[in-house]
Amino acid sequence: MKKRLLFVHHATQQGGAPISLAFLIRGLDKREFESFVIIPRRPGNSWTRELFVKAGATVLEEQHLRPFHGSNAVPNHTLRERMYALLSFPLTAWTLWTIARRLKPHLVHINSTSLAAVGWGVHFASRKTPVVAHVREPLLQNWWGQFLAWLNKVKMNAFIGIDQAGLDTVNVEPARQHVIYNFIEPESLVPQPNARRDMRKQAGWDENDIVFVYMARIVPDNGVKAAIDLINQTDSSLDPRAKFAFAGFRENPHDYELSVEKEINASPRCVALPFTDDVASLIDFGDVIFVPFLKTHSARSVLEGAVMGKPSMVTNLPNLTELVVEGETGFVFEITDQKSFIDAVNKLCEPNAVQEMEAKTIAHAKSNFDAQTNVAKTASLFRTLIDSR
């Protein structure tokens, strides 16, 4: 009999979390596992639904599937947000109680710690059903974040962290911790042959330039403005070949995007690029993945770049430093230290520096970020939990 897996995902918009889950479902052996995914029944959820259907899952839509946020990414600071989370918790738990009784899954996997209510509902239906929580964002270290951590710790049998830094915020015993980095499918990152040349020509750059590419949301916590200021302040000390491309601007930009885009366009070293689904060509356009984040947050671009042999330059945040091997697959810098920034940029601009790091970066990606490797690790954990029910 196939092992019945029930995955629960709370968001309907595009993002790294649903993509990683789809990679997992697609990679699981269909002869051994049967996958079901619960998503919220909301207008505009078609992208998420189709993503999981194409991955080979049966998709269930539920109205009362609501998150209980308390992480760095979504802190829930206001009283209204917290009241919504508290009132929604029993509805989500009840929804999963009814589904677990009907579906009788062998294991339940929640795609975010914000779905702690799922564990409560499932275990009310059957205490023997193992529940695994994916820790994708560090939880807040205030009382609200730690309350969310407690809600998870009471009911989760295991935690999969996309980095150790996030797992540490849950404060759970090591036996329940498993670090499995986000999944990247190398075959999905195949650039168009002429894209690099055309994009560089459009930017006014050539093959001799070392292009640092930023690929994330244009928001204050991701350090875009801080990076622009740092580039301007250190301009005379940077290798003249160092160029910076900031990608992610939307068609309808908010005020922060508009102000940052204006600063970018004023710098001869920088260019602002729109949001694009053509990730592979954007990565290939550059030589280095640039991540100037100010707050702890994962960077999928580091993983995607590594798969394509691109080293990274990241700020000194624990979850980011886990993703690079200093001097071999990238460099770490301090966003508040000009010398640190200058040294990292200029080292990557040294002759053949990027090319010499390519092989080590690909090997590091294969061991840590490859979808096939990490699906196998996850499937092994699932088997262990199911067999020990």
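Helix H1 (residues 16-27) supplies three residues to the lining of the largest cavity, the largest share of that lining. The structure is a predicted model, in which local features need pLDDT of at least 70 and side-chain atom pairs count only at pLDDT 80 or more, while totals for chains, interfaces and linings use all residues. Residues are numbered from 1 along each chain as its sequence is written, and side-chain values use heavy atoms, with hydrogens and water left out.

**Cavities**
- Two cavities of 30 Å³ or more are found in a search of the whole structure, a cavity being a set of points on a 1 Å grid over the protein atoms alone where a 1.4 Å probe fits but cannot get out.
- The largest cavity has a volume of about 50 Å³, where volume is the space filled by probe spheres set on the points, and points are joined across faces, edges and corners.
- Its lining residues, which have an atom within 4 Å of a point, include Ser-20, Leu-21, Leu-24, His-109, Arg-136 and Tyr-181.

- An open sheet of six strands has the order E10-E9-E8-E11-E12-E13 with parallel pairing; strands (E, at least two residues) and helices (H or I, at least four) are DSSP runs numbered from the N terminus, and two strands pair if DSSP finds at least two bridges between them.
- The edge strands, each pairing on one side only, are E10 (270-274) and E13 (330-333).
- Strand E12 (residues 312-315) runs parallel to E13 and is joined to it by four bridges, with Thr-315 standing opposite Phe-333.
- Helix H8 (residues 224-233) lies across E8, E9, E10, E11 and E13 and runs at about 160 degrees to E9, with axes fitted to C-alpha atoms, for helices over the stretch in contact, and angles running from 0 to 180 degrees between N-to-C directions.

- Leaving aside neighbours within four places in sequence, Phe-212 is in contact (heavy atoms within 4.5 Å) with residues including Phe-244, Val-288, Phe-290 and Met-313.

- Asn-76, in the loop between strand E3 (58-62) and helix H3 (79-103), has a phi near 60 degrees and is buried, with a relative accessible area of 8%; buried means under 20%, exposed over 50% and partly exposed in between, with a 1.4 Å probe and protein chains only.
- Lys-104, in the loop between H3 and strand E4 (107-110), has a positive phi of about 50 degrees and counts as exposed at 57% relative accessibility.

Technical notes. On a 1 Å grid over the protein atoms alone, a cavity is a set of points where a 1.4 Å probe fits but cannot get out, and a pocket is an open set with protein on both sides within 12 Å along at least five of seven lines; lining residues have an atom within 4 Å of a point.
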